[in-house]
Amino acid sequence: MKHTGKRSLVLAGGGMRVAWQAGVVKALTEEGLEFQHVDGTSGGILTAGMILSGVSPDEMCARWSGVDVKDFGSALPVGDYLKGPWSLPAVGDADGILGKVFPTLGINDATIRARAAEQDAVEGSFNVVEFTEKRCHAIDATDIDAGLMAAGMSLPIFLTPLRRDGKVWTDAVWIRDANVAEALRRGAHEVWLVWCIGNTPYWGDGPLEQYVHMIEMSAMGALLADFDAAEAAGREFVLHVVRPRHPLPLDAEFYLGRIDADTLIGMGYRDARAYLESMTDTGLAKDANCTAMTEPATGVRFNDTLRGDLEGSPMTFKATVVLPSDPGDEAPQLSGYLEHSRFGRAFLAGGRVDTHGDDVTYRARVRVDGGWQSLAVTRTLYDDPGPDAWADSRRARLEVGGLATDLAMSLADAASLLASVEPVGAHGFVDRAGAVAGFAGNGFREFLRRY
């Protein structure tokens, strides 16, 4: 890939959903991309903190699997809650982030400062707002500490700010959610923006959706202001943006267990690979379209896990499948991974779902044994007489890189599949219930066979 000078990785916010960014970083690293500067805002501070702590992409993905999302919030003293809702400082504080999330993810502020002081070190910056001045500070990695990093993720209402030396530090989200300007100030000629904040024309009702819309407006407004300022100053640079095709599930779904870190990581890898395959050396236009997404068609998302044995070692295939209720609305989406002791965890790229008669096949590419291989996992959804539809649908055949083996879905995995069914592209209780009812009414076999 052509290198056009200093390259910055700008990691936007996105709450706990930034687990998605770990999959992006893994794909970019596999492509041989190296960055001379890494910047994190809001949830992007987690990804920046891991990178600047020396955590490898594979370890980033593995560590996210061990995070308990409940640790992102910890309770305030009881007396704070007795003040009543109008005097409540916040829902919780950042103690869980400091004491549990950072260590689990391998984020260590002392390590960040030490590495930043080394000769030819990767530069780092973390964006935190100082409320008394109403100003966003891009704090250099040589000066950062864990308290400021956690403050930079302390979203107002949800987490209390950091009060230190007469100043109040909090999440930068209402001023900016990605600092392209800082990358340019540090001399970047190529900016890779990793964006997991929604950006669609959809306007939803209700306080949660509109709170999210406010974040989206603030984030995009600041990003466009950075672009305008660069243009006014005659500052040229190449812009690359990795973003999801559709908005990611909200933090509430992650917190409630409707989606997990592994699923988000697989989506991030898929989305990064899609951009890498279509990108050009000139990058993208610096306008609102660079982060634009579309609302997904109404349908369902579910996780399909199959297990088997290869060369005497256990193998796991996990697919996250998004199926529109109407096959004519949109093609199914596929992400996930294949895991085996021989090659570790290989994430899916370019996934699709094919059907032929009773056969339903998940197809993708994976990097195994040092190169790209085609993968196919075929289920034969044949229901013979008798009440055993699940048993008839639980077997599959895996083919990858000249290897083949049989896989099966355990009863526990079948239960997990059903528990993972979640509506997409539907808003409000009635529409969400209708999307799931279509899946439940037709059953797994018939729903898939419609494609």
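Arg 345 is partly exposed, with 22% relative accessible area; here buried means under 20% relative accessible area, exposed over 50%, and partly exposed in between, with a 1.4 Å probe and protein chains only. Its partner in a salt bridge is Glu 339, and the closest N and O atoms of the two are 3.2 Å apart. A salt bridge is counted when a side-chain nitrogen of Lys or Arg lies within 4 Å of a carboxyl oxygen of Asp or Glu. Glu 339 likewise counts as partly exposed, at 29% relative accessibility.

The model is predicted, so local features need pLDDT of at least 70 and side-chain atom pairs count only at pLDDT 80 or more, while totals for chains, interfaces and linings use all residues. Residues are numbered from 1 along each chain as its sequence is written, and side-chain values use heavy atoms, with hydrogens and water left out.

In total, the structure holds 33 salt bridges. Side chains of opposite charge can pair when their charged atoms come close. Another such pair is formed by Arg 186 and Glu 123, whose side chains meet at 2.9 Å, N to O. Helices (H or I, at least four residues) and strands (E, at least two) are DSSP runs, numbered from the N terminus. Arg 186 is buried, at 13% relative accessibility, but Glu 123 is partly exposed, with a relative accessible area of 29%. Both residues belong to a network of salt bridges that also links Lys 6, Asp 140, Glu 182 and Arg 185.

The side chains of Lys 26 and Asp 58 meet at 2.6 Å, N to O. Lys 26 lies in H1 and Asp 58 in helix H3 (residues 57–65), so the pair ties together parts that are 32 residues apart in sequence. Lys 26 is buried, with a relative accessible area of 9%.

Helix H1 itself covers residues 19–30, twelve in number, and reaches 18 Å from its first C-alpha to its last, close to the 16 Å expected; the expected span is 1.5 Å times one less than the number of residues. Ten of its twelve residues are buried, so H1 is largely enclosed by the rest of the structure. Among them are Trp 20, Val 24, Val 25 and Leu 28. After H1 comes Gly 32, which has a positive phi, near 85°.
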